[in-house]
Amino acid sequence: MTELILSDITRMGPGFCIIGLEQTAQGFRSVRPLPPVGFAWPITFRHQRGARLRFILSTPPNISRPHVEDRPSSGAIEAAGKESEEKLLACLRDAEIAEKIQDLFGCAMHPSPFGGPAVWVTPEEAVRSICGIPIENLRFKLYPDRARIALTLGSGETLRGLPVVDRYWNEFLEEALGRTQGANRLQRVEQFANRIVRERVLKNSSLFARVGLPRADDEGRCWLMLDSLVPEPQLAWLDAIG
Amino acid sequence: MSKPGEQAASDLRRIVRQCVGRSLRASKTMPGDEEDLLRSGALDSMGWIEVLACIERVAGKANVSDPRELGESANIISLVRAIGNAPAVQGMSAGLPDLGDRASSSQVRVTGWGNALGSVQQEAGWLEREYGLAPGKLREGAGIESVARAGSGEDELSLATKASEIALGRVPADPADVDWLITSSETFQGFPSLGALLHSRLLLADTCGVLDVGGACVGLVNALVLARSLLVAGTAVRVLVVTADAHSRVFPPGSVPGEFGGLFGDGASAFVLESLDSTHPSSAYLVGHFRFGCAGAFAAALAVRPSPQGGVQLTFEGEALARAAVGQLESIIRDLESRSGLARDSASGFATHQPNPRLVELLARQIKVPLAKFPVVAKTCGNLGTSTCGVALSKLLDNHGQEPRNQRGPIFLAAVGPGMLWGGAILY
């Protein structure tokens with residue numbers, strides 16, 4: 001049995017991709033337990049970020065970059081408690097971490113061929129598919145079925161156009177949209193997110209992001225995405241929606 | 001020959017097709033106008049959002065609606081319609097007349113403002129000791145009671161960020177809607193420039209341009225005239241102007257004579273300027289006339305440059321500089337008065353450079369206006385360089401920026417800097 005602290009729950013098709021932190025002699029490392037079939041856990045996956053879970057993991061016969069954290073599991077999960085966000089953050093800071101963009105995945109970033117601000121990496125060059133990074137600012141951009149985010153890193157660099165796949169932030173933004181009626185809903189919720197929510201997030205001392213890489217697209221590009229944004233959004237913040 | 005409306009529709013369609021073309025999956029050919037780009041597999045969800053972002057960027061539009069939100073198909077026709085309904089952000093080429101080119105307005109308003117000061121307040125006595133000055137040299141001689149200095153972790157960027165967030169918080173627009181960022185600092189050194197760093201820190205739009213302008217103590221006025229030019233030309237609807245200085249980092253005790261280094265403090269100011277046709281409070285101050293020049297006869301009175309041995313090489317003829325500065329500031333105000341037809345007696349205040357408090361008192365006496373019309377900056381914060389004028393203006397706008405137009409008067413800006421560069425402006 002391997003015990004993991006569940007650190008990232010991200011949307012993947014109709015289900016979730018999950019990542020946990022495994023304690024090592026040096027600190028923590030990220031492990032992506034895979035369900036018995038496919039890459040995504042079903043929508044009924046009931047565990048929350050911070051949960052201590054036990055898995056029976058195996059090493060896949062051929063690990064392919066950049067998803068070197070993949071570990072097939074039997075799907076048998078045993079819960080063994082839950083860590084606070086503060087403790088989880090301490091563990092995340094003791095896991096894979098970068099100060100600069102070039103250190104995120106140990107490889108070169110490529111600009112979007114479409115002219116937008118999003119960046120991608122070549123799968124074969126990336127040494128991992130998840131990494132934490134301190135951030136100093138953020139700004140959301142909402143689309144009907146997907147949110148994107150721009151981040152200012154502690155290094156002063158920016159990452160823009162990152163798809164937000166963090167389960168909690170997606171659910172929060174969807175709830176905000178659900179509570180907003182009338183014209184220009186997206187623009188109004190975006191403004192709410194970039195003013196009131198952003199202000200509360202930036203005041204939080206545990207500001208941290210985990211940036212991940214999805215499976216490569218048809219053209220062989222792995223686009224950077226936001227796997228997790230700490231702190232988690234609070235439903236009470238939605239009371240400020242006018 | 002096509003009619004203007006037909007030409008515009010054709011231009012919109014061309015932009016949409018170009019944006020779609022850039023994001024098409026490798027194996028796909030350009031779809032027809034009515035084909036659903038997602039259902040047909042021409043685009044994946046990532047590509048679809050790239051198309052929306054591309055359209056906003058190329059067409060100069062803000063928040064182009066996703067047609068699917070309106071229950072429409074994800075096709076080219078719906079996208080063309082969505083562009084037509086979106087508000088314009090940035091000026092477009094003359095070939096796209098109906099894409100939302102703003103009619104250039106000769107009127108520009110100050111809709112947001114803010115300032116930030118170094119968090120450590122150093123008393124004059126402490127400064128006199130640190131800079132090896134005779135007791136009373138700063139307090140009695142220059143009239144400085146205290147100086148605001150950056151604390152640990154504070155620098156030009158952090159002060160600029162704080163001032164900018166206060167200024168942007170006053171306007172309904174999102175920082176992503178700022179078209180240009182113009183910064184000025186007399187202490188920031190190195191690259192990326194202060195403007196580039198601030199752009200990233202504030203997460204301004206990736207299509208927001210950056211200008212770093214010089215001028216030292218005239219830097220704010222230089223930045224304001226550039227902002228006004230961009231707005232009047234229709235190149236922008238919203239410009240953020242920021243000054244920031246951290247003198248304590250470049251003039252620490254021992255690096256320059258105390259009579260000079262002890263005068264300076266650390267601070268920042270920020271202003272949001274918008275063209276008249278954008279959303280704004282009706283009482284906002286308008287940006288009026290400018291005056292600029294260079295009085296080279298006094299250029300030798302102040303020179304600051306890097307020393308070949310490291311550190312700072314300084315030429316500072318305090319008395320000559322003071323005489324020239326006060327005379328020039330008076331001249332700027334007189335010229336602005338003549339040019340605008342607005343009398344100094346009617347002014348709500350004077351946001352001038354304040355080399356030291358004694359010179360502010362002298363200027364007030366010479367132009368015969370109450371000293372109370374000069375916001376207190378140098379006396380409690382020190383000479384803030386590029387930001388002196390800005391912090392003074394920000395304080396005046398705190399007091400008068402939201403008063404009804406008929407209950408407040410103009411604000412005169414006047415500044416002098418090494419060279420001797422000079423510049424002034426009037427807000428009304």
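This is a predicted model: local features need pLDDT of at least 70, side-chain atom pairs count only at pLDDT 80 or more; totals for chains, interfaces and linings use all residues.
Residues are numbered from 1 along each chain as its sequence is written, chains are lettered from A and ligands numbered from 1 in the order in which they are written, and side-chain values use heavy atoms, with hydrogens and water left out.

We begin where the chains meet. In chain B, 34 residues are in contact with 34 residues of chain A, contact meaning heavy atoms within 4.5 Å. Between them, chain B and chain A bury about 2900 Å², of which 46% lies on carbon and sulfur atoms; buried area is the accessible area (1.4 Å probe) that two parts lose on being put together, summed over both. On the chain B side, the residues that lose the most area to chain A are B:Met46, B:Ile49 and B:Leu203, which together make up 25% of what that side buries.

Side chains of opposite charge can pair when their charged atoms come close. Six salt bridges are found across the interface of chain B and chain A, a salt bridge being a side-chain nitrogen of Lys or Arg within 4 Å of a carboxyl oxygen of Asp or Glu. A:Asp145, for instance, forms a salt bridge with B:Arg68, and their closest N and O atoms are 2.9 Å apart. Over all chains, the count by this rule comes to 35 salt bridges. The pair of A:Asp145 and B:Arg68 runs from the loop between strand E9 (130-143) and strand E10 (146-153) of chain A to the loop between H2 and helix H3 (76-85) of chain B. Here helices (H or I, at least four residues) and strands (E, at least two) are DSSP runs, numbered from the N terminus.

Which helices of chain B each supply at least two residues of the side that touches chain A? They are helix H1 (4-23), helix H2 (45-59), helix H6 (156-169) and helix H7 (194-202). H2(B) gives the largest share of that side, eight residues.

Two strands are said to pair if DSSP finds at least two bridges between them. In chain A, three strands form an open sheet in the order E7-E8-E13, with antiparallel pairing, and the edge strands are strand E7 (110-111) and strand E13 (222-223), each of which pairs on one side only. Two bridges join E7(A) to strand E8 (residues 119-121) of chain A, and A:His110 stands opposite A:Trp120 in E8(A).

Chain B has an open sheet of nine strands in the order E5-E4-E6-E7-E1-E8-E13-E12-E11, and its pairing is mixed. Strand E5 (209-213) and strand E11 (349-352) of chain B stand at the edges with a single partner strand each, so one side of each is left without a neighbour in the sheet. Within this sheet, strand E12 (residues 411-417) and strand E13 (residues 421-427) of chain B run antiparallel and are joined by seven bridges, and the bridge partner of B:Val416 in E13(B) is B:Trp422.

The backbone deserves a last look. Most residues other than glycine have a negative phi, and most peptide bonds are trans. The peptide bond from A:Val230 to A:Pro231, however, is cis, with omega near 15°, and A:Pro231 lies in the segment after strand E14 (225-230) of chain A. Another cis peptide bond joins B:Phe191 and B:Pro192, with omega about 5°, and B:Pro192 is found in the loop between E4 and H7 of chain B. B:Leu203, in the loop between H7 and E5 of chain B, has a positive phi near 55°.
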